[in-house]
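Please read them alongside the sequence and the coordinates.

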Amino acid sequence: MLGKLIKHDFKAAARQFIPLFLFVILMTPLTRFSFWFSDFIQERMPEYSKYLEIIPNTVICSYVVTMIIFSMATVLILATHFYRSMVTREGYLTHTLPVTSMQLIGAKTFVSVIWTILAITIGVLSVLALLITMNGLTDFGKTIASSLKEFQIQSISEFILFFIELLMLMIASIAFSYGKIFFCISIGQLCKDHKLLASFGIYFGLNILQRFVTNFGMVFITLFLLDSFVSMKAEHILRYLVMPSLILMYGGMCAIFLAISNQMFKKHLNLQ
């Protein structure tokens, strides 16, 4: 049943994501062509550039706006889908399914992480396809190789381990972000009126608390623990201390958020 639930949530999100992805993919070559057209105007028709530049400039501005909306829409679509299916009238059907609250939340978290990774991948590939030329691609490869060398990555096995660690960090941070959003919705749904507004307020307050705790932690590390790491190289601190710590922190906080959300939906569900 859990597999069917994930499949259903994935298809429900796909109806909104696929048109969005296709639009970004369409805008990428169009914007790349506008770069070439702008250079062509400057070289071949400089006397008309003042008028013709409006066309490529409009396309480039449209691409920038598209990418901004794309980055915001990814989270908004998934958060809205969770809210509508869990705490609105759709929730009556959702919560009568033969699955536990934890399975519902876990499935939606998993689907959200997958769609977000897909969105990040398409966004990054779009920007790279737009900006990198053949010479630039070679320079980009050299930059990556140089960065890996700075991290003391000199073999395929070390690269694979480093890539896995980066992937785990990305997954943990994305899951944490959605866990926090779902937690805020699960608390906000306790209000009889203005559930969405209450969820926004809780999310805003939680972000302030998170920044305060993060700043306090940085000060604590600087004052009391920094001397312990002076002998370590910066790249070793990042690879063997910072990244694993962040993975554990994000994963642990996500688990806590999801566990609390489960209890809220299990024992304090309010669909009124």
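1. Thr 31 is part of helix 1, which spans residues 2-44; helices (H or I, at least four residues) are DSSP runs numbered from the N terminus. With a relative accessibility of 1%, Thr 31 counts as buried (under 20% relative accessible area, 1.4 Å probe, protein chains only). Beyond its neighbours within four places in sequence, Thr 31 is in contact with Val 59, Ile 60, Tyr 63 and Leu 130, contact meaning heavy atoms within 4.5 Å.

2. This is a predicted model, in which local features need pLDDT of at least 70 and side-chain atom pairs count only at pLDDT 80 or more, while totals for chains, interfaces and linings use all residues. Residues are numbered from 1 along each chain as its sequence is written, and side-chain values use heavy atoms, with hydrogens and water left out.

3. Helix 3 (residues 54-87) and helix 5 (residues 101-131) have axes that come within 11 Å and cross at roughly 175°. The axes are lines fitted to C-alpha atoms over the stretch in contact, and angles run from 0 to 180 degrees between N-to-C directions. Helix 3 is therefore roughly antiparallel to helix 5 (angles over 145 degrees). Among the residues making the contact are Tyr 63, Phe 70 and Phe 82 of helix 3 and Trp 115, Ile 122 and Leu 130 of helix 5.

4. Gly 106 also lies in helix 5.

Key:
Helices (H or I, at least four residues) and strands (E, at least two) are DSSP runs, numbered from the N terminus. Angles under 35 degrees count as roughly parallel, over 145 as roughly antiparallel, 65 to 115 as roughly perpendicular and the rest as oblique. Buried means under 20% relative accessible area, exposed over 50%, partly exposed in between (1.4 Å probe, protein chains only).
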